[in-house]
Amino acid sequence: MKNKKLPRLKPVAVLCMMLALPLSTSLAHAADLTPEEIAAVKGDGIDNSVKPGQDFNKYANGGWEKNAKIPDSKSGVGLFDMLAEESDDAVARIIQKTLQAEPGTAARKIADYYQAYLNTAGIDQRGLAPIQPRLDAIAALNDKAALATYLGHNLRADVDPINATNVFTENLFGLWVSQGFHHHAKYQAYLLQGGLGLPDREYYLANSADMVKLRANYQDYIASVLKMANVPNADIAAKRVFDLELKIAKGHASREDTSDMQKVDNTWRKADFNKKAPGLDWNAYFAASGLDKQTEFLIWHPTALKASASLVSSISLDTWKDYLRFHSINQRASVLPTVFFKEKFKFYSALTGTSVPESREKYAINATNNALGEEVGKLYVAENFSPEAKESIRSMVTNLLAALSDRIQNNTWLAASTKKEALQKIKNTYVGVGYPEKWRDYSGLEVKADDAYGNAERASAFEYQRALAKFGQPIDDTEWCMNPQLVNAVNMPLQNAIDFPAAYLQSPNFDLNASIATNYGALGATIGHEISHSFDNTGAMFDAKGELRNWWTKADLARFNTSAKALVAQFDQYQPFPDLAVKGQQTLGENIADLVGLMASYDAYHAAMKQKGQEPTEATDKEFFMAYAKSFRSKVRDEVLRTIVITNEHAPEQYRVQTVRNLDAWYKAFDVKPGEALYLEPKARVKVW
């Protein structure tokens, strides 16, 4: 959030999902750092040799960055990462307590899931036996109708293109169930592109030397997996699998198109599929997936559905079988014999630059969080989130909502009708702080202490059935899409809701003993960021009910788009590598939210000080902007930085810090002069809202 498309999801998240690593895989575990290094990462970290106006990130964080070391098992280190490590450590302590719980209790279910995952000796001893029924089912496929049935049976609710900005699934398609774009009172099925083993279509289509080498290594990895699974002629099979994925990738939508609400707004009736996407037996697919009673679908990536459905028809059944064998194993490598995990890590670590894996305990914690997130979350918030913190943060939220309302109310170019809609949207916003109002019920999930593979399969199927159960039910605008123990935050435009998990609301993001300026510079900017997502290039397309509707006058929308283009141009100038620049359009939504959120938080911090009878000064303004810069403190490996630039909706952290150059108050606080690298003439400073 403040990490996509709408949350402050860390840029390494997609890599973590592919590797089955914790979200905090880029983190530095406390055990990897000395007390002095921990103090440094949370300390001032200033580099006084750099002027703020030359590079504000280097000035605020460069002193720390010079000395920071990335452990071999990590792809990066930073403040965000330290918070995630602290959350993982807290969850580890909670899990240790659940090991003493009585059999059959919710707490014991957590312990059993964790212990099964941790038991690599037992996993190795069972070999491929747990996955053999799936491999046998693939071998038994005798025609394309059976293939369609298999694909439908294995559809999962494993994507979320808006809230979690997760559009990656190894299954051919991914399902998301949420309010309809045009039916806010009704749950609808969204189908998204999938089917790749590399992070994004660009990894298959880009012609750089690095990508060519990566693709060759990927094909070798596929062959290794198939050989270990005793597939005959594995090298030939791997070539066929890769070639199929290449064809799938060519049909995929780009990241920019994936974030364009006009391009993803495609409603198909079930009867349309055989005509609009021929090649796949859709009747068999929907029957096997449990979606046969749904009459209408929103197709996020129509070109991908058409292309992939055609490939089902045109590509040989034997190739599809090899493809399914590989992906079945690849998705579950962490709960299959260790040789599969090691082989997977060896390949995918090239995307992160890590040379050694995390501890098995770290993977086990992440897997348990994924499967039983809110069950763990209940225990987490009981020990780690105080009522006092919740009350204080709620007051910050109130001030931020008021600040953005004032900015809109005082806007001189918005038409009265547009302004009314925007203010109503703020008024209708639901804000969750710390944890959900209603906890999920996991009583229907079977967990066995000696079946890591089965637990993973059942957890995935359980989540899928939970998604299907939403159809026909009343909309729950207060439902969370993130666990309380996750270091993140999210704006959910279809629900017109914002959530701030408890793990994010920790020092130094928020501290009851910190100054008003510091808390608003760090957490306040994140709160403002999430609220502002309701008015970025994507969120602004949704109304107060959460429906996709143009509520703008033509002139207002043109003015908004002009400001947005200026921000695109500003970020297009940032170039972390000689051959690779930030994509301003791809990162636009996050950049708008950063900018508007920072402006609103600045206003709110001034208001909060006055509420306490205090007067803001240039010194407190400095505190505010320094806290903002520090909240992005991060150092990542070049491999990850490239992946962020290519695939992520967020600009790299060091460029997000430079958003301050659009605020007049920053120039005054740090005496920034014309001629310095970040200096913008007043008319060139972007003001979206």
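How many of the 7 residues of strand β3 are buried? The model is a predicted one, in which local features need pLDDT of at least 70 and side-chain atom pairs count only at pLDDT 80 or more, while totals for chains, interfaces and linings use all residues. Residues are numbered from 1 along each chain as its sequence is written, and side-chain values use heavy atoms, with hydrogens and water left out.

Strand β3, residues 187–193, is mostly covered, and 7 of its 7 residues are buried, where buried means under 20% relative accessible area, exposed means over 50%, and partly exposed lies in between, with a 1.4 Å probe and protein chains only. Strands and helices are DSSP runs numbered from the N terminus, a helix being H or I with at least four residues and a strand being E with at least two. Strand β3 pairs with β2 in the antiparallel sense over 7 bridges, two strands being paired if DSSP finds at least two bridges between them. In this pairing Leu175 stands opposite Leu191 of β3. Strand β3 also pairs with strand β5, residues 296–299, here in the parallel sense over 3 bridges, and Leu191 stands opposite Ile299 in β5. Strands of a sheet pair through backbone hydrogen bonds, either parallel or antiparallel.

Strand β6 pairs with strand β8, residues 497–501, in the parallel sense over 5 bridges, and Gly432 stands opposite Asp499 in β8. Strand β6 is mostly covered, with 5 of its 5 residues buried.

Within strand β8 we find Ile498, which is the bridge partner of Val431. Ile498 is buried, with a relative accessible area of 1%. Leaving aside neighbours within four places in sequence, Ile498 is in contact with Thr429, Tyr430, Val431, Gly432, Val490, Asn491, Glu530 and Ile531, contact meaning heavy atoms within 4.5 Å.

A cavity is a set of points, on a 1 Å grid over the protein atoms alone, where a 1.4 Å probe fits but cannot get out, and lining residues have an atom within 4 Å of a point; grid points are joined across faces, edges and corners, and the volume is the space filled by probe spheres set on the points. Of the 15 residues that line this second largest cavity, Val167, Gln193, Pro199, Asp200 and His252 are the closest to its centre.

Some backbone positions also deserve attention. Most residues other than glycine have a negative phi, and most peptide bonds are trans. Thr165, although not a glycine, has a positive phi of about 45°; Thr165 sits in the loop between α8 (144–153) and β2 (173–179) and counts as buried at 2% relative accessibility. Asn230, likewise not a glycine, has a positive phi of about 65° and belongs to the loop between α10 (209–228) and α11 (234–251), but Asn230 counts as exposed at 64% relative accessibility. The peptide bond from Ser507 to Pro508 is cis, with omega near 10°, and Pro508 lies in the loop between β8 and α24.

Note on methods
On a 1 Å grid over the protein atoms alone, a cavity is a set of points where a 1.4 Å probe fits but cannot get out, and a pocket is an open set with protein on both sides within 12 Å along at least five of seven lines; lining residues have an atom within 4 Å of a point.
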